[in-house]
Amino acid sequence: MQFDKILKEIIIGRSVLQQIEPIHSSTKTKINLSNLDKNLALYILGGRAITLSYTALLLLANCRMSEIGAVIRLIEETVYLADYFYDSNESDPNITKWLSNKIISPMKARKAQSNIFKKVFGKTDNMFEQKINELYGGMSEYIHPTYRISKLNLNIITLEYDYEWIDRKNYDIKIFISVAQALVSVINMVRYCKDFYMVDARIDAQLNNEISKLDSLNI
């Protein structure tokens with residue numbers, strides 16, 4: 001990815017997040033830290049998704065591409081879990097488990113996400129499950145110290161590491177995933193959890209417009 005395109009992605013990304021923030025913030029009237037319920041879980045996961053998105057943009061500004069991949073996977077896992085909880089009954093033991101600081105299996109959340117896609121798009125095959133697993137598997141490369149990712153900022157001619165990526169403007173960086181598409185996932189989380197986020201037709205149209213801005217980047 002060329003540096004000028006990175007700058008455009010950062011500008012649009014921050015603008016998009018500034019549209020999502022007040023929608024999320026308005027739901028604080030629905031929660032109380034002393035009430036460990038589904039609304040609290042959704043509020044916290046939504047806030048984490050937005051915070052992680054800002055972190056990804058900050059890393060993008062410094063071309064920390066392998067680190068961005070790790071943060072994007074965190075964003076996707078957060079979105080999957082929020083969507084799963086939104087579709088769950090208030091009495092779902094996994095909500096209580098999560099609010100007790102236990103880890104919910106990412107596989108369980110991914111499975112729930114594929115079922116959501118099937119419901120939304122009226123599909124019965126395993127296409128969504130396969131696509132989600134492919135995406136998740138691709139992002140795993142950024143989590144682990146794989147060979148390809150570990151040498152992103154290695155000059156293969158001089159064998160010198162550009163440790164701080166000071167010369168990043170001269171790189172044409174190949175990436176598997178983009179911050180823009182992770183932001184689309186966050187927006188769609190808000191749209192899917194529409195009752196919690198009080199998303200009416202006007203807000204939904206606004207969010208759809210933000211997705212169009214991100215899609216226009218073609219990243």
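Which residues does D83 touch, not counting residues up to four places away in sequence? In this predicted model, where local features need pLDDT of at least 70, side-chain atom pairs count only at pLDDT 80 or more, and totals for chains, interfaces and linings use all residues, D83 touches Q113, I116, M189, Y192 and C193, a contact being heavy atoms within 4.5 Å. Residues are numbered from 1 along each chain as its sequence is written, and side-chain values use heavy atoms, with hydrogens and water left out.

D83 lies in helix α3, helices being DSSP runs of H or I with at least four residues, numbered from the N terminus. With a relative accessible area of 3%, D83 is buried, a word that stands for under 20% relative accessible area, whereas exposed stands for over 50% and partly exposed for what is in between (1.4 Å probe, protein chains only).

In soluble globular proteins, nonpolar side chains tend to be buried together. If residues up to four places away in sequence are not counted, F85 touches K38, A41, L42, L45, N94, I95, W98 and I104.

α3 and helix α5, residues 106–121, pack at an angle of about 65° with their axes 8 Å apart, where axes are lines fitted to C-alpha atoms, for helices over the stretch in contact, and angles run from 0 to 180 degrees between N-to-C directions. That angle makes α3 roughly perpendicular to α5, because angles of 65 to 115 degrees count as roughly perpendicular, those under 35 as roughly parallel, those over 145 as roughly antiparallel and the rest as oblique. Among the residues of α3 that meet α5 are E77, Y80 and D83, and the α5 side includes P106, Q113 and I116.

Finally, F117 is found in helix α5 and is partly exposed, with a relative accessible area of 27%. F117 and F128 are 11 residues apart in sequence and 6.7 Å apart in space, C-alpha to C-alpha.

How values were computed. Helices (H or I, at least four residues) and strands (E, at least two) are DSSP runs, numbered from the N terminus.
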